[in-house]
Amino acid sequence: MKVLICGADGQLGRCLLQHYPSHWQVTATNRAVLDITDPYRVKALIEKTHPHFIINAAAYTAVDLAEDDPEHAKAVNTDGVKNLAIAAKNCGAGILHISTDYVFDGDSSSPYTEDTPANPLNIYGKTKLDGELALSEILPDSLIIRTSWLFSEYGNNFMKTMLALSGKNTPLKIVSDQYGCPTYAGDLATAIIYLLENHVKPGLYHYCGNTPVSWYQFAEFIFEQSYKAGLLHLPQTLQAITRHEFGRPAKRPARSVLSNKKLADMMHIPDWHNAVIKVIHQLKSERQE
Ligand SMILES: NC(=O)c1ccc[n+]([C@@H]2O[C@H](COP(=O)([O-])OP(=O)(O)OC[C@H]3O[C@@H](n4cnc5c(N)ncnc54)[C@H](OP(=O)(O)O)[C@@H]3O)[C@@H](O)[C@H]2O)c1
């Protein structure tokens with residue numbers, strides 16, 4: 001199967017490159033090779049490579065910066081997806097696109113299913129939702145996977161930020177009134193490969209790690225395990241604060257817990273705690289090299 005991966009330098013992109021099966025013929029593109037906001041380059045590359053499937057892991061993911069740069073966020077998260085959809089349609093390619101829990105407002109006390117109406121609170125969430133809608137309209141047989149709180153050994157993510165901030169004498173202030181499901185990008189990559197290999201029915205799916213937590217609880221687990229594994233030499237103290245106290249430019253949903261039941265009926269969804277431990281050991285061995 002010929003597969004084009006967009007956004008191959010991001011954390012999900014890198015995990016896909018690490019896991020894809022040997023019978024896939026992969027063209028991996030980063031922003032320099034294929035800027036998805038450029039419809040002419042998108043069309044030319046898709047016509048040249050003629051993929052069976054396009055996996056779109058490219059996105060504008062800077063949630064706070066998007067508030068001041070909505071045009072850029074829209075160009076990538078909405079118009080970029082449209083460009084891929086139009087070119088894919090003309091070439092008969094399928095698309096698997098990744099979206100986000102931030103399409104929801106977080107006001108619900110129960111997990112969000114694929115049928116729950118979306119209501120994004122910030123520019124990032126709105127541009128991602130518009131990307132989903134554009135794709136579904138142009139190419140209704142696409143696969144859209146919403147995920148949440150991605151972490152991995154690659155790129156920038158909450159886990160790596162926490163580790164980078166550790167080691168100071170003062171407690172780290174962490175938001176304790178926002179809940180979600182951490183998801184290991186390597187597990188998501190494996191799930192994406194499984195879905196394409198098994199020709200899952202097109203549509204919208206939620207994929208996230210099991211067990212919702214607050215950012216505070218997530219940080220607590222990261223630091224406990226990092227100390228236990230010897231990645232950190234001192235325990236890190238934390239101070240719980242509210243989203244309001246943290247005062248970030250973009251509003252966040254209080255409880256963007258996705259229900260992954262639709263996919264969990266088809267595949268095993270691993271617990272994220274084990275993946276945190278795995279990433280800690282990976283980072284430790286990289287430090288020792
Ligand atoms: N990270 C999370 O916590 C999270 C949560 C929920 C959903 N998601 C979704 O999951 C997907 C993967 O996220 P991720 O964490 O792997 O993101 P990431 O690490 O930020 O990677 C995104 C990649 O897209 C590239 N990109 C940006 N603009 C582009 C453009 N115009 N053309 C081509 N490539 C472009 C970026 O390149 P540059 O670095 O050069 O800009 C980057 O390599 C995204 O759809 C994201 O919205 C992420």
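Trainee: How far is an oxygen atom of the ligand from a polar backbone atom of Leu 150?

Mentor: Happy to start there! A polar contact is a pair of N or O atoms within 3.5 Å; inside the protein, one must be able to donate a hydrogen and the other to accept it, and residues adjacent in sequence count only if both atoms are side-chain atoms. In this predicted model, the distance at Leu 150 is 2.9 Å. Local features need pLDDT of at least 70, side-chain atom pairs count only at pLDDT 80 or more, and totals for chains, interfaces and linings use all residues. Residues are numbered from 1 along each chain as its sequence is written, and side-chain values use heavy atoms, leaving out hydrogens and water.

Trainee: Which part of Thr 61 lies 2.7 Å from an oxygen atom of the ligand?

Mentor: A polar side-chain atom of Thr 61 does. At Gln 11, a polar backbone atom is 3.0 Å from a ligand oxygen.

Trainee: How much of the ligand's accessible area does the protein cover?

Mentor: Accessible areas come from the Shrake-Rupley method with a 1.4 Å probe; for residues, only the protein chains shown count as cover. Here the ligand has 890 Å² on its own, and the protein covers 81% of that.

Trainee: Which elements give two or more residues to the shell around the ligand?

Mentor: Elements are DSSP runs numbered from the N terminus: helices (H or I, at least four residues) and strands (E, at least two). In this structure they are α1 (11-19), β4 (94-100) and α5 (123-138). With three residues, β4 gives the most.

Trainee: How do the shell residues divide into nonpolar, polar and charged?

Mentor: Ala, Val, Leu, Ile, Met, Phe, Trp, Tyr, Cys and Pro count as nonpolar, Asp, Glu, Lys and Arg as charged, and the others, Gly among them, as polar. The shell has eleven nonpolar, eight polar and five charged residues.

Trainee: Now the loops. Is Trp 149 buried or exposed?

Mentor: Buried means under 20% relative accessible area, exposed over 50%, and partly exposed in between (1.4 Å probe, protein chains only). Trp 149 counts as buried because its relative accessibility is 7%. Trp 149 sits in the loop between β5 (143-147) and β6 (150-151), and has a positive phi of about 45 degrees although it is not a glycine.

Trainee: Where does Thr 211 lie?

Mentor: Thr 211 is in the loop between β10 (203-206) and β11 (213-214). Its phi is also positive, about 75 degrees, although Thr 211 is not a glycine. At 37% relative accessible area, Thr 211 is partly exposed.
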